[in-house]
Amino acid sequence: MNGRATQQDSGIELRVAGQGDVEVAAKLFRGYLDFYEVEVTDPDRPGAFLAERIAKDESLVLLADAPGVGTVGFAQVYRAFSSLSMDTAWVLNDLYVAPEGRRTGAGRALLREVLRRAREAGVTGVQLETAYDNTVAQGLYEAEGFVREEFHVYFHELG
């Protein structure tokens with residue numbers, strides 16, 4: 001799922017994160033975890049988690065740079081398989097823009113880049129979830145063509 005950097009009309013520059021980007025990506029990842037009120041007891045764990053995903057090519061991690069601000073956003077995508085379509089799908093598991101990068105177009109640019117790369121890879125679709133009260137993100141997703149499904153999501157924690 002790796003590839004080149006791209007420049008967006010908004011001036012946002014996107015790039016695929018490599019091992020040299022883990023520190024900056026981890027800072028954004030911690031902001032994402034804070035947003036979802038995930039308690040992180042080991043401050044090194046977010047960086048180690050991302051480093052492992054990147055090293056094993058288990059996810060695509062994109063970073064967004066805003067002119068004059070720096071790296072302000074990240075997205076993380078996982079490959080998945082859909083039994084119903086009997087094809088490959090992608091799960092946009094994480095999309096986050098730091099407060100200083102909001103209203104720059106970084107979130108939209110990241111989302112569009114994920115969709116562009118998914119089309120290029122020939123996957124059947126991109127799935128994502130967000131909090132019920134995250135209306136800003138929901139508005140972005142729907143404006144970019146995502147459709148709310150009527151399925152209920154369940155999760156059973158194992159530890």
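Arg103 sits in the loop that runs between strand 5 and helix 3; helices (H or I, at least four residues) and strands (E, at least two) are DSSP runs, numbered from the N terminus. This is a predicted model, where local features need pLDDT of at least 70, side-chain atom pairs count only at pLDDT 80 or more, and totals for chains, interfaces and linings use all residues. Residues are numbered from 1 along each chain as its sequence is written, and side-chain values use heavy atoms, with hydrogens and water left out.

Pro99 lies in the loop between strand 5 and helix 3 too, and its C-alpha atom is 9.4 Å from that of Gly73, 26 residues apart along the chain. Asp57 is in the loop between helix 2 and strand 3.

| Residue | Relative accessible area | Class |
|---|---|---|
| Arg103 | 85% | exposed |
| Pro99 | 52% | exposed |
| Asp57 | 31% | partly exposed |

Most residues other than glycine have a negative phi. Arg103, though, has a positive phi near 70 degrees, and Asp57 has a positive one of about 50 degrees.

Asp57 follows helix 2. In that helix (residues 45-55), Pro46, Gly47, Leu50, Ala51, Arg53 and Ile54 are buried. They span an arc of only 165 degrees around the axis, so they sit on the same side of helix 2; the arc is taken from the directions from the helix axis to the C-beta atoms. Helix 1 (22-35), strand 3 (59-66) and strand 4 are among what covers them, with contact meaning heavy atoms within 4.5 Å.

Now the interior. A nonpolar core here is a set of buried Ala, Val, Leu, Ile, Met, Phe, Trp, Tyr and Cys residues joined through side-chain atoms within 4.5 Å. The largest one has 28 residues, and Trp90, Leu92, Val114, Val126 and Tyr141 have the most contacts inside it. Helix 3 gives the most to this core, seven residues. Another core, of 16 residues, lies apart from it and includes Phe29, Leu33, Ile54 and Tyr96.

How values were computed. Buried < 20%, exposed > 50% of the residue type's maximum accessible area, 1.4 Å probe, protein only.
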